[in-house]
Amino acid sequence: MSAPNKSYDPVEVEALKPEEIERMRDEALAAFAAAGGLDALHEAKIAHTGPASPLALANREIGALPPHAKAEAGKRVGQARGAVNRSLAARQAELEAERDARVLVEEAVDVTLPYDRTPSGARHPLTTLSERIEDVFTAMGYEVAEGPEAETEWLNFDALNIAADHPARGEHDTFFVRGARRPGGEAAGSGVVLRTHTSPVQVRSMLDREPPLYVICPGRVYRTDDLDATHTPVFHQVELLAVDEGLTMADLKGTLDHMVRALFGGEGMQTRLRPNFFPFTEPSAEMDMVCYVCRGESVGNPDRPCRTCSSEGWIELGGCGMVNPKVLTACGVDPGKYSGFAFGFGIERMLMFRHNVEDMRDMVEGDVRFTRPFGMEI
Ligand code: PHE
């Protein structure tokens, strides 16, 4: 029991004796030093600086001292608590630094390791080229139109002014879809073929909607060719149709010139038209484009031969012309009011000369070693 207040001496109060305060401080410092981790340090912090810690309890005793003794005891306790807090902060910083260094090592990611061994594949260059062409035309306001690959003979031929006995029908070397077979008899004609071009999609567009009509029809088409370096029974086309009031061949030519500039870039790219015949266009033309490699410089110039165009200066692209009025009529469009132009070409052929692909079979075999060098062009 402490002596009465009058003779109260802080030295006599057990908890406030200098050696006691020192002991409390040293114990706290020792506990912090012994804390091997941040959790242990937290425990030590509560034990030595919390409200129930010896130093906090000693501090409370000060209030009971006579005024003259308060200052000295307060200074002693305050210094001890200051030392304890500084030691705590220093140990805290030390342990946090240790933890950060450890985490950096333990959670390090080796960015040189292969992240995934599954090959990602690549889009087929025919798809990317076809989409590039679509982009050129959608930028001009054209719509992309698609249709079925098994198509009625009427849409694939008749509506396009290719009558049943028309020689062009033979030239297309068509795959016919067999109809139901009568018992013991021949299979009946089904009236359905694998489309030989994407022109029936243009017919469908005209039947569906009123002009003005600006559509581009990409898609897979079929002809009975054997697979060799320059032929394939399944190939891809892009065909285009514009129907509006007052369209002329000048519009067709301007559109073609724009397309080859957009696809092949640079100065001097243009097209030329050579008279030809298609039942669905009148007049009709074969379209060539300036060779995008030599730009015509190889013509008559033995010092600068060009493999891409065989030094002819031009590369054949496909067919085109003004839509035959008979086709417009068959599709419910008034040829007295509207005119139209159309063209079509094969994507495989364009891929061959645009990227120096020498064998068409490479495009259909599905070997990723062929497609991968084209990259993931979007
Ligand atoms: N449809 C023709 C073909 O496949 C190409 C073509 C389209 C020609 C439009 C002229 C106009 O051979």
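Which residue does the UniProt annotation "binding site" (unreviewed entry) cover? The annotation covers Glu282; such annotations may be inferred rather than shown by experiment.

This is a predicted model, in which local features need pLDDT of at least 70, side-chain atom pairs count only at pLDDT 80 or more, and totals for chains, interfaces and linings use all residues. Residues are numbered from 1 along each chain as its sequence is written, and side-chain values use heavy atoms, with hydrogens and water left out.

View 1. Glu282 belongs to strand β8, residues 281-290 (strands are DSSP runs of E, at least two residues, numbered from the N terminus). Because its relative accessibility is 47%, Glu282 counts as partly exposed (between 20% and 50%, 1.4 Å probe, protein chains only). Beyond its neighbours within four places in sequence, Glu282 is in contact (heavy atoms within 4.5 Å) with Met322, Val323 and Asn324.

**View 2. Polar side-chain atoms at the ligand.** The side chain of His197 places an N or O atom 3.0 Å from a nitrogen atom of the ligand. For Gln237, a polar side-chain atom is 2.7 Å from a ligand oxygen atom. For Glu239, a polar side-chain atom is 2.6 Å from a ligand nitrogen atom. The ligand taken alone exposes 320 Å², of which the protein buries 93% (Shrake-Rupley method, 1.4 Å probe).

**View 3. Elements of the shell around the ligand.** Two or more residues each come from β6 (234-244), β9 (314-323) and β10 (339-346). The largest share, three residues, is that of β10.

Definitions and conventions:
A polar contact is a pair of N or O atoms within 3.5 Å; within protein, one must be able to donate a hydrogen and the other to accept it, and residues adjacent in sequence count only if both atoms are side-chain atoms. Helices (H or I, at least four residues) and strands (E, at least two) are DSSP runs, numbered from the N terminus.
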